[in-house]
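Please consult the sequence and the structure shown here alongside the notes.

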Amino acid sequence: MNNAEHMTKYSLRSWVLVLALAPTILVGILLGSYFTINRFYELEETLIEQGGNIIEPLAIAAEIGLESKDFETTKRLITSAQLNKSDLVQFIAIFDTNNRVVVTSHHYKSHEFMRYSQPLDSLLRTELEQVGDSLILRSPIFSSQRQLIAAPTDQDLSQQRLGYIAVLINKENALLQQHRAAVAAFIIVLIGVQLNLLFTFRLVKNVTHPITEMVRVVAKIREGKLDTRVHGNLIGELDLLKRGINAMAGSLSEYHDEMQQNIDQATSDLRETLEQIEIQNVELDLAKKRAQEASRIKSEFLANMSHELRTPLNGVIGFAKQLLKTPLHASQQDYIKTIEKSATNLLGIINDILDFSKLEAGKMVLENMPFSLREVVDDTLSLLTNSAREKDLELVIDIDPEIIDNLNGDALRVSQVLTNLVGNAIKFTDRGSVQVKMRLLDIDSEKLNIRCEITDTGIGIEEQQQELLFQAFGQADSSISRRFGGTGLGLIITKRLINRMGGHIGCNSVLNQGSTFWFTLPLERSQYPISQPIDTHPMANKQVLLFEPRELTNSMLTELMNYWDMQVTNVSSKQQLDNYLAQRSLTYDFAIVGCHSFDQQTDVGQALRNIRSHVDYLIYLCSSSSADEQIRQIQPYTDVVIQTPVTERSLARALTNPHKAPLAPAQLQESITEYTSREPLSVLAVDDNPANLKLIDTLLKEIVAHVTVIDSGQGAIELAAEQVFDLIFMDIQMPGIDGISATKQIREHSRNRNTPIIAVTAHAIAEERERINQSGMDGYLPKPIDEAALRGVISRWKSRPTFTHFDHNTLNWELCLTQANGKSELALEMLQMLTDSIPATAEVLQAALDELDPTLMLAHVHKLHGACCYSGVPTLQRLCQEIESALKRDERLENIEPEILELLDELSKVESAANQVISQFSTGVIDE
């Protein structure tokens with residue numbers, strides 16, 4: 001307990017009493033004790049002095065009697081002296097030199113205690129001995145002859161000693177006087193304390209009582225009784241304190257009255273405000289409903305505009321491509337290419353506007369699926385390679401080898417970000433290079449943070465204009481849109497996508513020197529291996545001759561091969577190369593030669609022949625813009641041709657498998673491949689737009705043997721009931737029965753219940769795709785229809801199994817493949833993992849239901865929900881989501897028991913269906 005808490009236990013009155021009385025009592029006791037003890041000593045000294053005044057004359061007077069042996073005279077002497085001082089002297093005795101009693105003043109009951117117990121030689125002067133309440137004084141008796149010796153010694157005194165006289169002194173009177181002195185001192189102290197009490201209580205009355213009264217008044221004021229006042233006439237500062245408290249109470253009362261008036265006024269104003277707010281809330285509620293309706297209309301408008309704009313573009317782009325396949329003279333081909341390019345640009349603008357609108361409305365949903373980072377980067381940049389080659393730009397991909405490849409995230413949006421940034425870099429760079437560099441910022445057991453930089457040597461951006469980069473419909477310069485085109489939405493879309501994925505984006509640029517756009521992305525590690533790791537052990541300590549004059553490509557290749565522990569000899573010029581080759585003793589395992597290594601005057605074939613004689617394996621880095629004649633010229637002297645930009649995997653495949661069949665250079669040439677054979681399939685195409693229907697009919701007839709077209713959903717239902725098709729392409733938005741309704745009816749009663757149905761739609765928003773996935777359709781083909789995408793869908797489905805022994809929503813193999821990034825082995829592995837866990841999971845869920853344990857149920861349903869996301873089980877995934885959401889809302893298990901029982905039943909169905917799929921794959925009935 002601290003001092004403050006201790007002090008609050010006692011009142012002011014108690015403290016005044018203690019502080020006033022304690023010093024007085026203490027001082028009184030000390031003074032009384034001092035004077036009493038001093039008096040005791042004075043009385044005792046007086047007693048001793050009186051005894052000395054009696055015994056010393058007697059000792060002198062007794063000399064004559066002892067010398068003359070006149071004991072009678074001596075007895076009368078001491079008796080007279082004792083009687084004369086009877087109140088002081090109680091008994092007198094004289095002892096001779098042999099310590100025997102010679103004379104006593106009177107008979108005494110015991111005079112032995114009067115005898116001197118020490119040797120008589122030590123008794124040289126009067127000595128005092130305390131015996132009980134009496135004093136014994138002993139004084140030696142000497143002969144009168146000692147006066148004749150000037151300075152007698154102890155021996156002389158001993159010879160002159162006649163004996164000694166002992167006097168018993170009575171202390172009763174002295175003790176009585178001491179007691180009287182003590183009592184007097186006590187009485188004086190007591191009187192002082194009484195007087196102090198009198199004055200103290202007077203002080204308490206005049207000081208503490210008013211203070212206590214003030215405390216009571218202040219307490220009442222604090223309780224709100226502001227009319228309370230302190231009364232009475234007080235002394236000194238207490239009167240000033242009283243006036244201050246009364247003035248404070250008066251001020252508080254005035255403030256309270258004023259505040260009450262203000263409160264009343266504020267209450268009145270608040271009532272009016274609340275009424276206005278209530279009116280505004282009603283208006284806001286109406287406005288909110290109008291806004292929600294406007295948002296819904298906006299979404300419908302976006303969907304309809306997407307469809308309405310893409311539908312004619314589908315015909316324009318599709319027929320432009322078809323027209324390019326026909327014999328045309330140069331000007332006609334140029335016109336058609338211009339039409340196709342303009343339509344494609346218009347499609348890009350539409351996509352940007354739709355993406356921006358979805359981000360503005362918060363409608364864009366990001367996926368979290370396993371993907372291969374390097375595969376996404378390679379595939380994305382391969383689409384931009386031709387744009388870079390047309391400008392003769394050096395496009396370099398430099399990914400830190402420490403970055404793991406198997407990640408979780410939205411691969412489509414990562415690709416979109418790279419497309420926007422790299423596309424802009426290529427667009428605004430006329431000469432030089434564009435470099436894509438990825439580095440690892442930090443990593444832990446679950447996540448890693450990647451920084452990507454896209455650096456170009458283009459026109460650059462002024463510092464004051466860089467603030468406009470990430471604003472909607474804004475570009476650094478108004479002339480940019482006229483010179484390079486674009487809507488100005490690419491960067492704002494990129495910024496918002498990166499922010500949605502948890503990253504940051506920025507730009508560093510110098511005018512006329514180039515720009516660097518950077519962004520960071522936090523990505524999760526994937527539990528499922530999407531891509532196989534590169535085995536670099538066979539490349540360790542291999543000798544490589546690198547002849548690549550382009551600085552960025554050379555640096556990237558050197559850094560990568562050094563990381564693989566390869567021994568790299570870097571050659572920067574033709575002369576340096578000749579010097580190395582002139583040393584016949586030098587041989588290399590590999591030689592990597594860039595297509596920009598030789599000038600136009602150099603015989604490339606002869607140069608490669610010379611290099612080939614010194615190496616075991618020659619790799620040539622080639623761009624698609626290389627002339628056909630050059631391709632044919634280098635073919636006999638190269639082992640493999642790698643298309644630039646060089647990727648980590650393409651280089652690793654060439655170095656780890658040097659004696660496998662090389663890439664055919666013809667694969668790098670851009671030419672139109674004529675498909676002379678068609679797939680023996682029967683396909684139904686449904687679309688209400690005549691142009692689109694004609695286009696898809698034209699495209700399909702080039703790919704499959706039998707094509708049937710129909711322009712309505714009702715017609716598709718009737719045809720599906722009469723004829724079996726291998727594949728159905730279904731438009732979504734049609735008058736009457738739309739594509740989704742037609743699909744449901746075909747699934748319910750027709751001869752094509754298990755036929756793959758592919759949605760063909762111009763809708764690009766996520767809600768539409770989700771609705772398509774939930775409708776029972778097996779795939780999605782966006783408009784405008786790309787011939788390569790159409791061939792890919794047909795190729796995929798002609799070799800994909802269709803299972804007819806279970807409900808499509810119980811196990812959707814196509815969805816399972818999509819969630820596994822199209823990899824059959826990975827899809828089977830994830831499906832097998834789910835199947836193996838079903839018996840134990842079902843047992844635990846049943847036990848949790850029996851014991852009504854929501855915690856156990858939530859933990860295992862959450863775990864099962866995670867496994868369903870990668871296994872193509874729509875119904876099971878939906879049930880898990882519903883039960884998990886209900887448990888997180890603290891729903892009782894009894895209330896969701898029907899859903900749990902349905903989940904347990906669905907687990908049995910999934911296990912049976914999965915075993916069928918796995919069995920057919922394992923027995924080889926289905927070709928993976």
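**Parallel sheet and its surroundings**

L621 has I642, in strand 17, as its bridge partner. The model is predicted: local features need pLDDT of at least 70, side-chain atom pairs count only at pLDDT 80 or more, and totals for chains, interfaces and linings use all residues. Residues are numbered from 1 along each chain as its sequence is written, and side-chain values use heavy atoms, with hydrogens and water left out. Helices (H or I, at least four residues) and strands (E, at least two) are DSSP runs, numbered from the N terminus.

*Sheet architecture*

- Strand 16 and strand 17 run parallel and are joined by 4 bridges; two strands pair if DSSP finds at least two bridges between them.
- Strands of a sheet pair through backbone hydrogen bonds, either parallel or antiparallel.
- In this model, 5 strands form an open sheet with parallel pairing, in the order 14-13-15-16-17.
- Strand 14 (567–571) and strand 17 (640–643) are the edge strands, each pairing on one side only.
- From one strand to the next, the twist averages 20°.
- Helix 16 (residues 648–656) packs on the sheet and touches strand 15, strand 16 and strand 17, where contact means heavy atoms within 4.5 Å.
- The direction of helix 16 makes about 170° with that of strand 17; axes are lines fitted to C-alpha atoms, for helices over the stretch in contact, and angles run from 0 to 180 degrees between N-to-C directions.

*Cysteines*

- C622 is placed in strand 16 (residues 615–622).
- C622 counts as buried because its relative accessibility is 0%; buried means under 20% relative accessible area, exposed over 50%, and partly exposed in between (1.4 Å probe, protein chains only).
- The C-alpha atoms of C622 and I642 are separated by 6.1 Å, although these residues are 20 residues apart along the chain.
- How many disulfides does the structure hold? The number is 0, with a disulfide defined as a pair of cysteine sulfur atoms within 2.5 Å.
- The closest cysteine sulfur to that of C595 is in C622, at 5.7 Å, which is too far for a bond.
- C595 is buried, with a relative accessible area of 13%.
- C816 is also buried, with a relative accessible area of 0%.

*Aromatic pairs*

- The whole structure contains 4 aromatic pairs; rings of Phe, Tyr and Trp (its six-membered ring) pair if their centres lie within 6.5 Å, and planes under 30 degrees apart count as stacked, over 60 as edge-to-face and the rest as tilted.
- Among them is the edge-to-face pair of Y116 and Y164, with 6.2 Å centre to centre and 65° between the planes.
- This pair links distant parts of the chain, 48 residues apart: Y116 is in the loop between strand 2 (101–104) and strand 3 (127–131), and Y164 is in strand 5 (residues 161–170).
- Y116 counts as buried at 7% relative accessibility, and Y164 is buried with a relative accessible area of 0%.
- A further edge-to-face pair is formed by F590 and Y617, with 5.8 Å centre to centre and 85° between the planes.
- That pair links distant parts of the chain, with F590 in strand 15 (residues 588–594) and Y617 in strand 16, 27 residues apart.
- Both F590 and Y617 are buried.
- One aromatic cluster is formed by F95, Y116 and Y164.

*Helix 17*

- Helix 17 (residues 690–701) has 12 residues and should span 16 Å at 1.5 Å a residue; its end C-alpha atoms are 16 Å apart, which agrees.
- The expected span of a helix is 1.5 Å times one less than its number of residues.
- The buried residues in helix 17 include N692, L693, L695, I696, D697, L699 and L700.

*Backbone geometry in loops*

- Most residues other than glycine have a negative phi, and most peptide bonds are trans.
- The peptide bond from T644 to P645 is cis, with omega near 5°, and P645 lies in the loop between strand 17 and helix 16.
- D565 has a positive phi, near 65°, and is found in the loop between helix 12 (551–563) and strand 14.
- At 46% relative accessibility, D565 counts as partly exposed.
- The phi of D890 is positive, near 65°, and D890 lies in the loop between helix 25 (874–888) and helix 26 (897–922).
- D890 is exposed, with a relative accessible area of 69%.
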